[in-house]
Amino acid sequence: MQTFTDRAIRLAIKGRNLHDPAERTRIGLLESWVSIIGNLFLTLLKIIFGLLTNSIALIADAAHSASDILSSLVVLIGFALAKQKPDREHPHGHGRSEYLSGLVIGIMLIGTGGFFVFGAYSRLTGDVFATPTIASIIAVVIAIIVKEFLYHFSAKLGRLIDSEALAGDAWHHRSDALSSVVVLVGVIFVLAGFDYGDHIAAILVGLMIALVGWRILVDCFNELAESSVDEDTVRQIQDIINSNQDIRQWHKLRTRIVGREVFLDLHILVAPDLTITQAHDISEELESTLHRRISRPVNITVHIEPD
């Protein structure tokens with residue numbers, strides 16, 4: 001699995017400059033389309049075998065795979081919006097649209113999870129049972145293998161271009177793989193004579209879908225509330241500022257996230273006898289270094305003060 005994933009990664013990034021925003025966008029779009037195609041295949045596979053075997057757990061797992069398609073679409077929208085330049089009506093860009101889509105998807109996932117929990121409980125109390133076969137086990141095993149590949153593919157690409165969106169998409173793949181493991185255990189239990197295995201598996205998968213939806217909602221609310229960047233990125237920004245020998249002191253560093261972009265403003269103190277041009281050059285050098293070393297798109301405002 002690791003070797004196959006590494007080969008796919010090398011093929012995806014071959015000849016690409018990972019520090020170029022346009023190339024990062026292309027890699028993000030590639031990951032999204034690979035995820036969408038893989039999840040579409042798994043959704044159809046699980047629905048077919050779920051209907052053939054009357055397994056609500058498999059159908060719920062198909063819904064989980066379908067939710068990952070929605071997740072990948074949000075990532076796709078995010079990278080597509082990142083290519084749009086700010087305009088007169090949206091001077092800070094269009095990043096917020098990604099999180100509004102995420103709110104809708106989060107609500108849909110919570111509702112979907114609740115639907116399958118209720119459906120499984122109704123079948124449990126109504127003595128409606130699944131009739132799985134060995135083919136069901138094969139289908140679920142295929143789903144687990146494909147999902148593990150998508151997880152490693154998305155996670156490694158996310159680390160290479162330092163994308164939280166891809167990292168989040170990777171964990172959606174991993175959660176779907178785990179839900180398929182739950183379904184696999186339920187199918188095995190039913191084949192072993194424990195008729196309620198499918199119902200219990202469906203309830204667990206429904207709860208997992210709802211949990212994914214809840215996490216998406218929380219993340220979206222945090223972003224819409226203009227949360228600051230993570231601590232590691234703040235420390236990286238501070239190190240970049242401190243490494244500039246022309247900056248004597250600095251203060252009032254503030255960061256916020258809008259979509260994939262980081263908005264940053266700070267005050268720097270420079271030698272009081274510098275000309276306006278010299279002070280401006282120091283500011284330009286700092287901005288250039290931040291753009292080069294911070295992997296996410298950065299919008300910077302620097303206020304210059306005499307020390």
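Colleague: Read along the sequence, what pattern does the protein follow?

Modeller: This is a predicted model: local features need pLDDT of at least 70, side-chain atom pairs count only at pLDDT 80 or more, and totals for chains, interfaces and linings use all residues. Residues are numbered from 1 along each chain as its sequence is written, and side-chain values use heavy atoms, without hydrogens and water. Helices (H or I, at least four residues) and strands (E, at least two) are DSSP runs, numbered from the N terminus. The protein has nine helices and three strands, and their pattern along the sequence is α-α-α-α-α-α-α-α-β-β-α-β.

Colleague: What percentage of the residues in the protein is buried?

Modeller: Buried means under 20% relative accessible area, exposed over 50%, and partly exposed in between (1.4 Å probe, protein chains only). The protein has 307 residues, and the buried share of them is 47%.

Colleague: Is K46 buried or exposed?

Modeller: K46 is found in helix 2, residues 21-53. Contact means heavy atoms within 4.5 Å. Beyond its neighbours within four places in sequence, K46 is in contact with L58, D61, A62, S65, A143, D176 and S180. Its relative accessibility is 2%, so K46 counts as buried.

Colleague: Which residues are linked with K46 in a network of salt bridges?

Modeller: A salt bridge is a side-chain nitrogen of Lys or Arg within 4 Å of a carboxyl oxygen of Asp or Glu. The structure holds seven of them. In the network, K46 is linked with D61, K147 and D176.

Colleague: How many residues apart in sequence are the parts that R174 and E148 tie together?

Modeller: R174 forms a salt bridge with E148, and their closest N and O atoms are 2.9 Å apart. R174 lies in helix 6 and E148 in helix 5, so the pair ties together parts whose separation in sequence is 26 residues.

Colleague: What separates R235 and D232 in helix 8?

Modeller: R235 and D232 form a salt bridge, with the closest N and O atoms 2.4 Å apart. R235 is partly exposed at 43% relative accessibility, while D232 is exposed at 54%. The two are three residues apart in helix 8 (residues 231-242), so the separation is about one helical turn.

Colleague: How far apart in space are I105 and I216, C-alpha to C-alpha?

Modeller: I105 is found in helix 4 and is buried, at 9% relative accessibility. Not counting residues up to four places away in sequence, I105 touches L70, V74 and I216. I105 and I216 are 111 residues apart in sequence, yet their distance in space is 7.9 Å.

Colleague: Which helix supplies the largest share of the nonpolar patch?

Modeller: Patches are made of residues with over 30% relative accessible area and no salt bridge, joining like charges within 9 Å and nonpolar side chains (Val, Leu, Ile, Met, Phe, Trp, Tyr) within 5 Å. Accessible areas come from the Shrake-Rupley method with a 1.4 Å probe; for residues, only the protein chains shown count as cover. V181, V185, I188, F189, F194, Y196, I200, L204 and L207 form a nonpolar patch of about 750 Å². Its largest share, four residues, comes from helix 6.

Colleague: How many bridges join strand 2 to strand 3?

Modeller: Eight of the ten residues of strand 2 (residues 261-270) are buried, so this strand is largely enclosed by the rest of the structure. Two strands pair if DSSP finds at least two bridges between them. I268 has I304 in strand 3 as its bridge partner. Strand 2 and strand 3 (residues 298-306) run parallel, and the number of bridges joining them is nine.

Colleague: Which residue meets D265 in a salt bridge?

Modeller: D265 lies in strand 2 and its partner in strand 1 (residues 249-258), so the pair ties together parts that are eleven residues apart in sequence. D265 is partly exposed, at 22% relative accessibility. The side chains meet at 3.1 Å, N to O, and the partner is R254.
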